[in-house]
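Morning, everyone. Please take a look at the structure on the screen.

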Amino acid sequence: MKQFNWSARVYYEDTDAGGVVYHARYLAFFERARTEILRQFGIFQQTLLQEDIAFVVKKMDINYHFPARLDDMLTISTRIDQVRKASIVFKQTIVNQNEQVISTADVLIACVDIVKMKPCGLPKLLVLEFI
C-alpha cells in the first residue's frame with residue numbers, strides 16, 4: 001500500500017525538563033503525518049467535514065523504542081496497511097536523524113458521520129486512491 005514520509009523537528013515545547021520528548025507528543029507527530037498522507041493524495045479533512053464526515057482514532061497500539069530529544073530531526077513514515085469499508089489501518093514509524101527507530105504505532109481510524117455520530121463508509125475518492 002501507499003507510504004508517505006513527513007519530517008518534524010523536536011521543539012522545546014515537545015519535551016520534558018530533561019529535554020526528552022514527552023510521551024503524549026508522539027501522538028501529535030503521528031496524527032500530523034496521517035493528515036499529511038491524506039493531503040498528499042488530494043484528500044482534505046476540511047472538505048470531508050463539510051460533507052459531515054470525520055476520522056476518529058478507534059484504536060492505537062504504540063511502542064516507544066528510543067527517546068527522541070530536543071532538536072532531533074524526526075521522519076515519520078506512514079503506510080496504509082488496510083482499507084476496509086468504514087476504516088483504515090495505518091502503520092507508522094518515527095526515526096531520528098541517526099536512523100534509530102524512536103516509536104512505532106498501529107492505528108485504526110474509523111470513518112464517522114458527524115451528524116449521526118455513527119460509522120459510515122469511507123469516501124469513494126479515498127477508497128479508489130488507496131486500493
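Predicted model: local features only at pLDDT ≥ 70, side-chain atom pairs only at ≥ 80, totals over all residues.

I'll start with the overall layout, then go to the core, the salt bridges and the surface.

The chain has three helices and six strands. In sequence order, the pattern is β-α-α-β-β-β-β-β-α.

How does the radius of gyration agree with that of a compact globule? For 131 residues, such a globule would come out near 14 Å. The chain has 16 Å, which agrees.

Now contacts. Take pairs in contact that sit at least 6 residues apart in sequence. Of those contacts, 67% join residues at least 24 apart.

Next, the inside. Of the 131 residues, 40% count as buried. The largest nonpolar core has 31 residues. Which of its members touch the most other members? They are Tyr26, Phe29, Phe55, Leu74, Ile76 and Ile94. Several elements give two or more residues to this core: strand 1, helix 1, strand 2, strand 3, strand 4 and strand 5. Helix 1, residues 25-40, supplies the largest share, with six residues.

Let's stop at Phe29. Skip its neighbours within four places in sequence. Phe29 then contacts Trp6, Ala8, Arg9, Asp14, Val21, Leu74, Ile76 and Ile94. Keep Asp14 in mind; we'll come back to that residue.

Leu48 sits in helix 2, residues 45-50. Is Leu48 buried or exposed? Its relative accessible area is 6%, under the 20% cut-off, so Leu48 is buried. Beyond four places in sequence, Leu48 touches Ile43, Ile53, Phe55 and Pro123. Look at Pro123 in that list. Leu48 and Pro123 are 75 residues apart in sequence, yet their C-alpha atoms are 8.5 Å apart in space.

On to charges. How many salt bridges does the whole structure hold? The search finds five.

First up, Asp14 and Arg25. Their side chains meet at 2.7 Å, N to O. Asp14 lies in the loop between strand 1 and helix 1, while Arg25 is in helix 1, so the pair ties together parts 11 residues apart in sequence. Asp14 is buried, at 2% relative accessibility. Arg25 is partly exposed, at 21%.

Next, Glu31 and Arg34. Here the closest N and O atoms are 2.6 Å apart. Both residues are in helix 1, three residues apart, which means about one helical turn between them. Glu31 is partly exposed, at 35% relative accessibility. Arg34 is buried, at 5%.

Then Asp81 and Arg79. Their salt bridge spans 3.0 Å, N to O. Asp81 is partly exposed at 25%, and Arg79 is also partly exposed, at 28%.

Last stop, the surface. The chain exposes about 7,600 Å², and carbon and sulfur atoms supply 52% of that area. Which residues form a nonpolar patch out here? Leu49, Ile114, Val115 and Met117 do, with about 390 Å² of accessible area together. Find Val115 in the loop between strand 5, residues 101-113, and strand 6, residues 118-119. Why is Val115 called exposed? Because its relative accessible area is 62%, and exposed means over 50%.

Key
Residues numbered from 1 in each chain as written. Heavy atoms only, no water. Patch = residues over 30% accessible without salt bridge, like charges linked within 9 Å, V, L, I, M, F, W, Y side chains within 5 Å. Areas by Shrake-Rupley, 256 points an atom, 1.4 Å probe, with all protein chains shown as cover. Salt bridge = Lys/Arg side-chain N within 4 Å of Asp/Glu carboxyl O. Helix = DSSP H or I, 4+ residues; strand = E, 2+ residues; numbered from the N terminus. Buried < 20%, exposed > 50% of the residue type's maximum accessible area, 1.4 Å probe, protein only. Rg over C-alpha atoms; globule rule 2.2 N^0.38 Å. Contact = heavy atoms within 4.5 Å. Core = buried A, V, L, I, M, F, W, Y, C linked by side-chain atoms within 4.5 Å.
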